[in-house]
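Student: Could you walk me through this one, a bit at a time? I'd like to ask as we go.

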Amino acid sequence: ADRDVVGTVTRLCPDAPVPVLDEERTLERPGGAGLAAVLAARAGAQVTLVAALAADEGGRTLRRLVEAEGVELVDLGAGGSTPEKVRVRAAGQSLLRIDRGEHAVPGPLPDGVGTLVAAADAVLVSDYGRVLTSHSPLRAALGPRRRGGRPLVWDPHPRGAAPVPGATLVTPNRAECGALDPAPTADGARRLRARWEVGAVAVTLGEDGALLVTGDGAPLVVPVTRRVRGADPCGAGDAFAAAAALALGAGAGLSSAVESAVREAAAFVAAGGATGFAAEPDGPVLVATGGCFDLLHAGHVATLRRARGLGDRLVVLLNGDGSVRRLKGPGRPVQR
């Protein structure tokens, strides 16, 4: 679980040139793979999160946050402490980040996880360098994905394990790509694709979109059509990876999936990123939207998904039949 400690700074500390934060509130949210799982669930997917949580407050908080969003949690268990990221923020800026938690060996893979992984429409591996992606039983369970042709998306970390050979798409950001291979971004992505023996590599480029390398041809640059200057980018990579996995699981091609992922990541940042996603404990954000919806089309679905991403709960208000007829004519509603 991640937390933002938010307050106001009006003075410096008298014994050191550092700001003094007057704390106003604490916001909490699932982080890393938990954030990706919740974003996928908010997009309407049925999601199971396989994670290794310690028996501590951080683990209990993460469980509560993801299960409240309808995500099923399979906990492998782990010793030590659950990783946490705490950001101290004021005036929309991070002043300090505190990382807690330690590497811990996960427990055995529960019965049924292999079957669950093999049957899923898509699998997303979010690697934060915390040992789980090098867990031999879990890597073995991912093996049928590459043989069965079902999408496997891998969001890597320089300290984590290499992706499973045959993964459909690997999604490092520009800094991670550079840490994994010192060549220029496009060349580095090509070399990583060959080294990992994966189908494609999509390097996320922040405000510049993403670069997709699928083979020997020219890379595809997918630009961001909606830029938000000064926005909080925390969690954008998770939003990108989750959206790509959902698109591939629905049958989209690689280029279409990356285009969709760029749009969803940009929308996530525009809505406030991780800061806008987080909610105060015991104070969920309620979002309401409405419309006729007698004939549901793609624009309605996009609106509902976007509205759902703005808060913790979504209330959909529907116009009655009489209201629809007054607005759209005597032939409506179409569905009776």
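**Walking along the chain**

Student: Before we go on, where do the values come from?
Tutor: The model is predicted, so local features need pLDDT of at least 70 and side-chain atom pairs count only at pLDDT 80 or more, while totals for chains, interfaces and linings use all residues. Residues are numbered from 1 along each chain as its sequence is written, and side-chain values use heavy atoms, with hydrogens and water left out.

Student: Okay, back to helix H1: how many of its ten residues are buried?
Tutor: Buried means under 20% relative accessible area, exposed means over 50%, and partly exposed is in between (1.4 Å probe, protein chains only). In H1, the buried residues include Gly34, Leu35 and Val38, and Arg42 is also among them. H1 covers residues 33-42 and is largely enclosed by the rest of the structure, because the buried count is nine of the ten.

Student: How many helices and strands does the whole chain have?
Tutor: Both kinds of element turn up in this chain. Its secondary structure comes to eleven helices and 14 strands.

Student: What is the radius of gyration of the chain, and why does the chain count as compact?
Tutor: The radius is taken over C-alpha atoms, and the globule rule is 2.2 Å times the number of residues to the power 0.38. For 336 residues the rule gives 20 Å, and the chain's own value is close to that, so it is as compact as a globular protein of that length. The radius of gyration is 21 Å.

Student: What percentage of the residues in the chain are buried?
Tutor: The C-alpha atoms fill a box of roughly 65 × 60 × 45 Å along the principal axes. Of the 336 residues in the chain, the buried share is 44%.

Student: How many residues lie between E1 and E2?
Tutor: These two strands form a hairpin. The number of residues between them is six.

Student: In strand E8, which residues point the opposite way from Leu152 and Trp154?
Tutor: In a regular strand the side chains alternate between the two faces of the sheet. E8 covers residues 152-155, and all of them are buried. Leu152 and Trp154 point one way, and the other way go Val153 and Asp155.

Student: Which residue of E9 is the bridge partner of Trp154?
Tutor: E8 has strand partners E7 (residues 123-126), parallel over four bridges, and E9 (residues 169-170), parallel over two. In E9, the bridge partner of Trp154 is Val170.

Student: Is Ala91 buried or exposed?
Tutor: Ala91 lies in the loop between strand E5 (84-90) and strand E6 (93-100). Its phi is positive, about 55°, although it is not a glycine. Its relative accessibility is 78%, so Ala91 counts as exposed.

Student: What is the relative accessible area of Glu197?
Tutor: Glu197 also isn't a glycine, yet its phi is positive at about 60°. You'll find Glu197 in the loop between helix H6 (185-196) and strand E10 (201-204). Glu197 is exposed, with a relative accessible area of 57%.

Student: How far apart in space are the C-alpha atoms of Thr289 and Val316?
Tutor: Thr289 sits in strand E13 (residues 286-291) and is buried, at 17% relative accessible area. Contact means heavy atoms within 4.5 Å, and beyond four places away in sequence Thr289 touches residues including Thr303, Leu314 and Val316. Thr289 and Val316 are 27 residues apart in sequence, while C-alpha to C-alpha the distance is 5.3 Å.

Student: Last one: which residue does a cis peptide bond join to Arg332?
Tutor: Omega is about 5° at this bond. The residue in question lies in the segment after helix H11 (321-328). Joined to Arg332 by the cis bond is Pro333.

Key:
Pairing = 2+ DSSP bridges.
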